[in-house]
Amino acid sequence: MDDGTGEYLAALFAPEDETLLTLREEADRSGLPPISISPDEGRLLQVLLRAIGARRVLEVGTLGGYSAIWMARALPSGGTILTLEIEPAHAEFARRHLARAGVADRVEVRVGRALDLLPALDGQRFDAVFLDADKEPLPTYFEWAVRLLRPGGLIVADNALWGGRVLDGRADDEATRGVREFNRRLATDPRVTGIVVPTHDGVGIGVVNGGGSVVSDPAG
Ligand code: SAH
Ligand code: DHB
Ligand code: MG
């Protein structure tokens with residue numbers, strides 16, 4: 001969207017406050033990679049979390065806590081986020097800025113490799129899982145999300161278009177293959193109803209089926 005549409009929508013629906021602006025400035029100064037979600041994606045997450053009344057959210061890939069702040073602001077009182085981050089320096093930065101944002105009481109940053117931390121969550125129930133870390137294991141993250149989510153729970157994944165590489169027949173690296181396989185499951189796995197919205201770098205969204213009394217599933 002180079003015609004101004006994206007700027008119009010972001011300015012109207014997703015203006016950043018001083019907390020979020022300062023976080024991004026300090027992240028740049030600290031040498032964190034500039035790969036936080038976009039403001040309109042943050043707003044989309046808020047709408048989705050509110051739509052399902054989410055209270056318990058799992059995030060994979062904290063970075064500086066930018067997306068966690070957007071999500072925390074959409075939770076009801078008593079709502080919590082558990083966010084997993086492999087880089088201790090990112091986690092430390094995030095904890096500082098989550099405190100500055102006044103949401104430290106509702107966001108726990110846990111340090112480690114996601115595939116090592118996820119088994120400890122088995123048996124817990126989340127309302128939403130936001131996947132925004134490494135891309136190679138996305139099919140495995142998909143399976144964990146379905147396992148940890150309640151019926152009617154939400155899977156959201158950043159970078160579902162992976163800079164266009166998912167549709168580039170010549171791209172065949174591990175990360176691209178991971179995103180492609182994730183999207184294939186989102187599209188075809190009978191346990192979820194999914195779509196990719198072309199916001200930012202593509203936002204994969206899936207709802208775990210089985211929450212309501214679906215008489216006939218138009219998706220087959
Ligand atoms: N959600 C963040 C951006 C995340 S960037 C935001 O929008 O603000 C991706 C993050 O995932 C980086 O901080 C990276 O260190 C982390 N990461 C990469 N591989 C990981 C893994 N295997 N386990 C946990 N975190 C990982
Ligand atoms: C990368 C990861 C992301 O989550 C993102 O939004 C952009 C880039 C990366 O690993 O290169
Ligand atoms: Mg991302």
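Conventions. I number residues from 1 along each chain as its sequence is written, and I letter chains from A and number ligands from 1 in the order in which they are written. As the model is predicted, local features need pLDDT of at least 70 and side-chain atom pairs count only at pLDDT 80 or more, while totals for chains, interfaces and linings use all residues, and side-chain values use heavy atoms, with hydrogens and water left out.

Metal site. I found the magnesium ion (ligand 3) coordinated by Asp132 (OD), Asp158 (OD) and Asn159 (OD1) at 1.9 to 2.1 Å, where donors are N, O and S atoms within 2.8 Å of the metal (3.2 Å for Na, K and Ca), and water is not among the atoms, so sites may look incomplete. Along the sequence I read the spacing of these donor residues as D-x25-D-N. Both Asp158 and Asn159 are buried, that is, under 20% relative accessible area with a 1.4 Å probe and protein chains only.

Ligand 2. I listed the residues around ligand 2 (a heavy atom within 4 Å) as Ile35, Asp132, Lys135, Asp158, Asn159 and Trp162. For polar contacts (pairs of N or O atoms within 3.5 Å), I noted that an oxygen atom of ligand 2 lies 2.7 Å from a side-chain N or O atom of Asp132, and that a polar side-chain atom of Asp158 is 3.1 Å from an oxygen atom of ligand 2. Ile35 takes part through a backbone N or O atom, 3.5 Å from an oxygen atom of the ligand.

Technical notes
Buried means under 20% relative accessible area, exposed over 50%, partly exposed in between (1.4 Å probe, protein chains only). A polar contact is a pair of N or O atoms within 3.5 Å; within protein, one must be able to donate a hydrogen and the other to accept it, and residues adjacent in sequence count only if both atoms are side-chain atoms.
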